[in-house]
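User: I'm new to this one and would like a walk through it. Could you start with the inside and then move on to the charged pairs?

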Amino acid sequence: MGSGPNGLAAAIVLAQAGREVALFEASDTPGGGMRSAELTLPGFQHDVCSAIQPLGFASPFFRGLDLETHGVRWIQPEAPLAHPLDDGSAVVLERSLTETVSGLGSDAETYQRLLEPLVSGWEDLATDLLAPMRLPRHPVRFSRFGLLGLRSARSLAGSFEGIRARALLAGLAGHSVIPLEMRPSAAIGLVLASLGHVVGWPFPEGGSQRLADGLISVLRSLGGEIVTERPVEALEDLPEGAIKLLSVTPRQLLELAGDELPRRYRRQLSRYRYGPGVFKLDWALSDPIPWTAADCSRAGTVHVGGTFEEIAEAERQAWEGLAPERPFVLLAQQSLFDRTRAPAGRHTGWAYCHVPHGSDRDMTERIESQIERFAPGFRDCILAKSALGPAGLNALNANLIGGDIAGGANTLRQTLARPFPKRDPYATPIPGVYLCSSSTPPGGGVHGMCGYHAARSALGRSR
Ligand SMILES: Cc1cc2nc3c(=O)[nH]c(=O)nc-3n(C[C@H](O)[C@H](O)[C@H](O)COP(=O)(O)OP(=O)(O)OC[C@H]3O[C@@H](n4cnc5c(N)ncnc54)[C@H](O)[C@@H]3O)c2cc1C
């Protein structure tokens with residue numbers, strides 16, 4: 001159940017193994033975190049949840065599905081990421097490591113030294129990073145990554161002298177949705193930077209829904225069926241005797257399975273920790289965003305938040321229950337590179353910031369002020385907007401508990417082992433019932449690897 005990337009991946013693995021598969025989805029539209037819709041005005045196509053898909057593009061499982069023949073066309077913006085600063089310039093994460101370091105001044109050598117081994121060894125590293133905790137297949141590369149990644153972003157930023165490299169790292173590590181003083185906030189920053197250099201930060205033409213549609217097409221080609229508007233309220237709602245793969249978070253599993261789960265497992269699940277929420281805005285725009293730094297218009301994603309210190313402060317506040325005054329804004333501007341997103345000459349903008357778990361504060365003004373700071377005149381371009389806070393997101397998708405988009409907090413413990421340390425994190429004590437959401441390894445993001453590993457575990461046990 002659940003037609004996000006993990007539910008779909010699990011369903012495809014089962015169908016590939018010759019099983020008869022039905023996928024039940026609560027919403028009227030399949031795709032989970034990969035849905036797109038005209039949220040503002042007719043003709044403007046927005047991504048409801050995920051927008052930028054480096055993990056989806058690089059996913060070892062998705063790569064083997066030949067999604068291009070199922071209608072997925074990837075778009076590569078000229079640069080993966082730009083990060084504007086108050087001096088009117090922007091730090092740019094280019095595809096090329098050499099071009100990236102040329103913008104980092106005295107930190108060029110340090111950045112090159114940190115990233116080069118990760119970039120050149122990415123294929124090996126990905127095998128171990130995108131899997132449950134186990135003896136690594138490539139122990140040297142994995143340990144080298146672990147030594148850096150298990151640090152906090154603040155500690156790693158100590159390697160840099162200048163404001164530019166430190167700001168770039170803060171924005172990348174901010175995707176971890178934990179304070180930058182906390183371990184392992186460096187890990188996600190390093191993974192995203194490496195992906196930028198290895199595969200770019202692409203997105204599907206037409207919107208994330210196209211990736212969902214491609215996966216659904218694969219599933220159907222294997223004989224699987226998908227049933228929408230079918231919320232599962234208890235395990236008994238699912239066919240008896242079937243292997244049941246549930247793309248839900250621990251809290252929902254507790255509700256679905258109730259007393260069927262032994263007390264010890266229930267206690268462990270109930271300790272699972274959720275993270276901050278997000279507040280999201282989508283805009284229909286009359287013009288491209290008028291960035292002061294021209295480099296920002298070459299990038300699909302723009303990190304809006306200024307210096308390392310400012311971003312660290314915003315992320316700490318969200319974690320500690322305070323709505324940040326100057327939030328760290330993660331922004332995507334797909335229409336600059338994908339003409340199918342808006343009517344001719346018009347544009348779209350997608351952005352969110354982290355807010356306290358379950359926060360009901362409207363962050364529209366604060367998000368737009370941050371963008372206006374680096375793109376004066378931005379507000380004059382807005383034709384219409386749509387806002388979604390934690391409650392709205394959770395209403396759209398039951399997995400977004402309190403607006404947490406990562407399926408649970410990325411604390412050190414829950415990064416190393418989620419939902420909790422266990423030999424097979426996917427199997428539950430109920431025979432035939434498995435967890436396959438981003439609350440299992442390797443965690444959040446659109447890559448389908450949680451579903452892939454969960455389905456393999458299920459098949460292994462049901463031979
Ligand atoms: C605003 C936002 C921005 C994001 N940006 C990015 C990004 O740019 N790049 C990226 O890689 N990731 C991004 N993510 C994260 C990404 O979307 C998730 O990590 C990913 O979708 C998780 O996949 P999943 O399959 O585990 O769950 P989901 O994609 O959340 O799917 C779960 C599905 O299960 C269904 N479901 C839940 N309960 C039931 C039930 N009881 N019965 C039936 N169906 C049920 C839900 O309706 C949903 O369709 C973002 C998420 C959000 C919300």
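**Core and salt bridges**

Analyst: In this predicted model, the largest nonpolar core has 97 residues, and those with the most contacts inside it are Phe61, Tyr111, Leu195 and Leu215. Helix α1, which covers residues 5–16, gives the most to this core, with eight residues.

User: And what lies apart from it?

Analyst: Apart from that core lies another one, of 28 residues, and among them are Ala79, Trp283, Ala299 and Phe374.

User: Back to Tyr111, which residues does it touch?

Analyst: Leaving out residues up to four places away in sequence, Tyr111 touches Leu93, Leu97, Thr100, Val101, Leu104, Phe160, Leu168, Ala193 and His197.

User: Now the charges. How many salt bridges are there?

Analyst: The count comes to 24 salt bridges. One of the pairs is Arg373 with Asp86, where the closest N and O atoms are 2.8 Å apart. Arg373 lies in helix α15 (residues 364–374), while Asp86 lies in the loop between β5 (79–84) and β6 (90–93), so this pair ties together parts that are 287 residues apart in sequence.

User: Is Asp86 buried or exposed?

Analyst: Asp86 counts as exposed, because its relative accessibility is 57% and the cut-off for exposed is over 50%.

User: What about Arg298, which residue does it form a salt bridge with?

Analyst: Arg298 forms a salt bridge with Glu94, and the closest N and O atoms of the two are 2.6 Å apart. Since Arg298 sits in the loop between β10 (277–285) and β11 (299–304) and Glu94 in the loop between β6 and α4 (97–101), the pair ties together parts that are 204 residues apart in sequence. Both Arg298 and Glu94 are buried.

User: And Arg379, where is its partner?

Analyst: The partner is Glu368, with the closest N and O atoms 3.7 Å apart. Glu368 lies in helix α15 and Arg379 in the loop between α15 and β14 (382–388), so here the parts tied together are 11 residues apart in sequence.

User: How do those two stand for accessibility, buried or exposed?

Analyst: Arg379 is partly exposed, with a relative accessible area of 31%, whereas Glu368, at 3% relative accessibility, counts as buried.

User: Last one: which residues are linked in a network of salt bridges?

Analyst: A network of salt bridges links Arg154, Arg166, Glu181, Glu309, Glu313 and Arg316.

Notes. Residues numbered from 1 in each chain as written. Predicted model: local features only at pLDDT ≥ 70, side-chain atom pairs only at ≥ 80, totals over all residues. Heavy atoms only, no water. Core = buried A, V, L, I, M, F, W, Y, C linked by side-chain atoms within 4.5 Å. Buried < 20%, exposed > 50% of the residue type's maximum accessible area, 1.4 Å probe, protein only. Helix = DSSP H or I, 4+ residues; strand = E, 2+ residues; numbered from the N terminus. Contact = heavy atoms within 4.5 Å. Salt bridge = Lys/Arg side-chain N within 4 Å of Asp/Glu carboxyl O.
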